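I opened a new page for this model. My plan was to look up a few spots and write down what I found.

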Amino acid sequence: MKVLIVHAHENPDSFCSALANRAKATFEDLGHTVKLSDLYLNKFNPVGGKHDFKKLSNGNYYKYASEQMNAHEHNAFAPELKTEMKMLVEADVLIFNFPLWWFDMPAILKGWVDRVLAYGFAYGGNYGFFDKGRFKGKHAFLCVTTGSPAEFYTPAGAHGRTLTDILQNIHQGILGLVGYTVLPNFEAYGVSRISDEERAQLLVDYEAYIKKHFA
Ligand SMILES: Cc1cc2nc3c(=O)[nH]c(=O)nc-3n(C[C@H](O)[C@H](O)[C@H](O)COP(=O)(O)OP(=O)(O)OC[C@H]3O[C@@H](n4cnc5c(N)ncnc54)[C@H](O)[C@@H]3O)c2cc1C
């Protein structure tokens, strides 16, 4: 099996990065092949625009999604996008690995979604939505760290909702929409507030999560 981890943390010594590294090592121990797209390390530009395309269509009116379709049909995506798209198409499992920012993914990862899951390439044109999506038969999940502790993320807690509820837009509106079967999140709560031992246990729990789903 091939795995793609799209990693969105700037600090290689962060706990979030430790989770990405642990996932890579665990999948490799299980005999799978792992590619890690480290967005900050690669200085991935999150802003979609005309620079996404080697050439534009002849239309009179510029429209980003139409240019994505044109680039898909005429092999005109910029090289950095083609690299990401190739890794994505080859992968059987897609993981978004990120710290929760404002109840969502960081902008650098959202930009990856905007630019890489392009119209024509990932949805629209030859591809339908959900069970007719391009990535049907493949699996995806989110590995998320938070600042707030677990008890905040309950209906009765300070944030009033679970992390699964909060991240539903990503589950359904992004990953599910392009066809992935979305597995439960791996959630690492309040990682700056807990002890070294508790963080070490989270890494062990993550290993167990991966083995449960992919051994
Ligand atoms: C713009 C912004 C918006 C945010 N919005 C939210 C929000 O909506 N909700 C929310 O809950 N939080 C929010 N946060 C907080 C954010 O989610 C957390 O700061 C982040 O998830 C913590 O993860 P980290 O990897 O950055 O932790 P770090 O601070 O990098 O790591 C925590 C500790 O783990 C240690 N560590 C590293 N590697 C290991 C290892 N291998 N074993 C053991 N320990 C290790 C580190 O040394 C550090 O002491 C926000 C933060 C920002 C900047």
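My entries follow, one topic at a time.

**Ground rules.** I number residues from 1 along each chain as its sequence is written. The model is predicted, so I kept to its limits: local features need pLDDT of at least 70, side-chain atom pairs count only at pLDDT 80 or more, and totals for chains, interfaces and linings use all residues. Helices (H or I, at least four residues) and strands (E, at least two) are DSSP runs, numbered from the N terminus.

**Ligand.** I looked up which residues surround the ligand. There are 21, and the closest are Ser14, Cys16, Pro99, Thr145 and Gly147. Here a residue is near a molecule if its C-beta atom, placed from the backbone, lies within 6 Å of it. I noted that α1 (15–29) and α7 (196–214) each supply at least two residues of this shell. By type, the shell holds 10 nonpolar, eight polar and three charged residues. Ala, Val, Leu, Ile, Met, Phe, Trp, Tyr, Cys and Pro count as nonpolar, Asp, Glu, Lys and Arg as charged, and the others, Gly among them, as polar.

**Ala20.** I found Ala20 in helix α1. Is Ala20 buried or exposed? Ala20 is buried, because 24 C-beta neighbours lie inside 10 Å. The cut-offs for other C-beta atoms within 10 Å are 20 or more for buried, 12 or fewer for exposed, and in between for partly exposed, with C-beta atoms placed from the backbone. Leaving aside neighbours within four places in sequence, Ala20 is in contact with Ile5, His7, Leu36 and Asn97. Contact means C-beta atoms, placed from the backbone, within 7 Å.

**Helix α2.** In α2 (residues 64–73), I listed Glu67, Gln68 and Ala71 as buried. They sit on the same side of α2, because they cover an arc of only 105 degrees around the axis. That arc is taken from the directions from the helix axis to the C-beta atoms. Ala65 and Glu73 are exposed, on the face turned away from the buried side.

**Two positive phi values.** Asn75 follows α2. Asn75 has a positive phi of about 50 degrees although it is not a glycine. Asn75 counts as exposed, with 8 C-beta neighbours inside 10 Å. I placed Trp102 in the loop between β3 (93–99) and α4. Trp102 is exposed, with 7 other C-beta atoms within 10 Å.

Terms used:
Two residues are in contact if their C-beta atoms, placed from the backbone, lie within 7 Å.
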